[in-house]
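Welcome! Take a moment to look over the sequence and the model before reading on. The report below walks through the inside of the protein and then a few individual residues.

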Amino acid sequence: MDIRRVPFDHPDAVKLNDLVQAEYDLRYGDGGDATPMDPRDFEPPNGLYLIAYDEDGTPVASGGWRAQDTNGEGNRDGDAELKRMFVVEEMRGRGLARRILAALEEDARAAGRLRMVLETGTKQPEAVALYLSSGYEPCEKFGYYRFHESSLCYAKKL
């Protein structure tokens, strides 16, 4: 598996983002994640976006982090927010998400971020299992969906 840094608005990133949005809509029936995001949020040193490509060069998994500091949405100084973790259905169960997560954590740590935070939902049990098994713990809600009942937030000290 070839994991590459790409811009958040790279065509392969857009393709995977469209797939994850369709999955969110299927699971939650809300049209997808409405969290505002700017491609510049994922530019080093304040963020990173990764895509995993299979042996044929097909994009099959993605994930990114962006710097967050104390704001009106519940973040703290030094936060790195995990975004758009996704693996295409036919490649799930092979450890790709875990590999991308580890690379993102390492990069955020090297950038001086203090904790990785993420928001997921009650209809994403696979994501919850990944994060819990990777050392994440429930934390105070933050972000765009902090007032939604189905929102679940997790954090891990870097």
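Which residues have the most contacts inside the largest nonpolar core? In this predicted model, they are Leu-82, Met-85, Leu-104, Met-116 and Tyr-131, and the core as a whole has 38 residues. Two or more residues of this core come from each of helix H1, strand S2 (47-53), strand S3 (59-68), strand S4, helix H2, strand S5 and helix H3. Strand S2 gives the most to this core, namely six residues. Apart from it lies another core, of five residues, including Val-117, Phe-142, Cys-153 and Ala-155. As general background, nonpolar side chains in soluble globular proteins tend to be buried together.

**The largest pocket**

Next comes the open space. The largest pocket holds about 840 Å³ of space, and 36 residues line it. Nearest its centre are Met-85, Thr-120, Gln-124, Ala-127 and Tyr-131. By class, the lining is made of 16 nonpolar, nine polar and eleven charged residues. Helix H1 (11-28), strand S4, helix H2 (96-110), strand S5 (115-121) and helix H3 (125-133) each supply at least two residues of this lining. Strand S4 gives the most to it, with six residues.

Leaving aside neighbours within four places in sequence, Met-85 is in contact with Val-20, Ser-62, Gly-63, Ala-97, Ile-100, Leu-101, Leu-104, Leu-130 and Tyr-131.

**Charged residues in the strands**

Is Glu-81 buried or exposed? Glu-81 counts as buried because its relative accessibility is 5%, under the 20% cut-off. This residue lies in strand S4 (residues 79-87). Beyond its neighbours within four places in sequence, Glu-81 is in contact with Gly-64, Trp-65, Arg-66, Gln-68, Met-116, Val-117 and Phe-142.

Arg-84 is found in strand S4 too. Arg-84 has a relative accessible area of 5%, so it is buried. Its phi is near 55°, a positive value in a residue other than glycine.

Arg-4 belongs to strand S1 (residues 2-5). At 36% relative accessibility, Arg-4 counts as partly exposed, because that value falls between the 20% and 50% cut-offs. Once neighbours within four places in sequence are left aside, Arg-4 is in contact with Tyr-49, Leu-50, Ile-51 and Tyr-53. Arg-4 and Pro-59 are 55 residues apart along the chain, and 10.0 Å separates their C-alpha atoms.

**A backbone detail to find**

Where is the cis peptide bond that runs between two prolines? That bond goes from Pro-44 to Pro-45, with omega near 5°. Pro-45 sits in the loop between helix H1 and strand S2. For background, most peptide bonds are trans, and most residues other than glycine have a negative phi.

Note on methods:
Residues are numbered from 1 along each chain as its sequence is written. This is a predicted model: local features need pLDDT of at least 70, side-chain atom pairs count only at pLDDT 80 or more; totals for chains, interfaces and linings use all residues. Side-chain values use heavy atoms; hydrogens and water are left out. Helices (H or I, at least four residues) and strands (E, at least two) are DSSP runs, numbered from the N terminus. Buried means under 20% relative accessible area, exposed over 50%, partly exposed in between (1.4 Å probe, protein chains only). Contact means heavy atoms within 4.5 Å. On a 1 Å grid over the protein atoms alone, a cavity is a set of points where a 1.4 Å probe fits but cannot get out, and a pocket is an open set with protein on both sides within 12 Å along at least five of seven lines; lining residues have an atom within 4 Å of a point. Grid points are joined across faces, edges and corners, and a volume is the space filled by probe spheres set on the points. Ala, Val, Leu, Ile, Met, Phe, Trp, Tyr, Cys and Pro count as nonpolar, Asp, Glu, Lys and Arg as charged, and the others, Gly among them, as polar. A nonpolar core is a set of buried Ala, Val, Leu, Ile, Met, Phe, Trp, Tyr and Cys residues joined through side-chain atoms within 4.5 Å.
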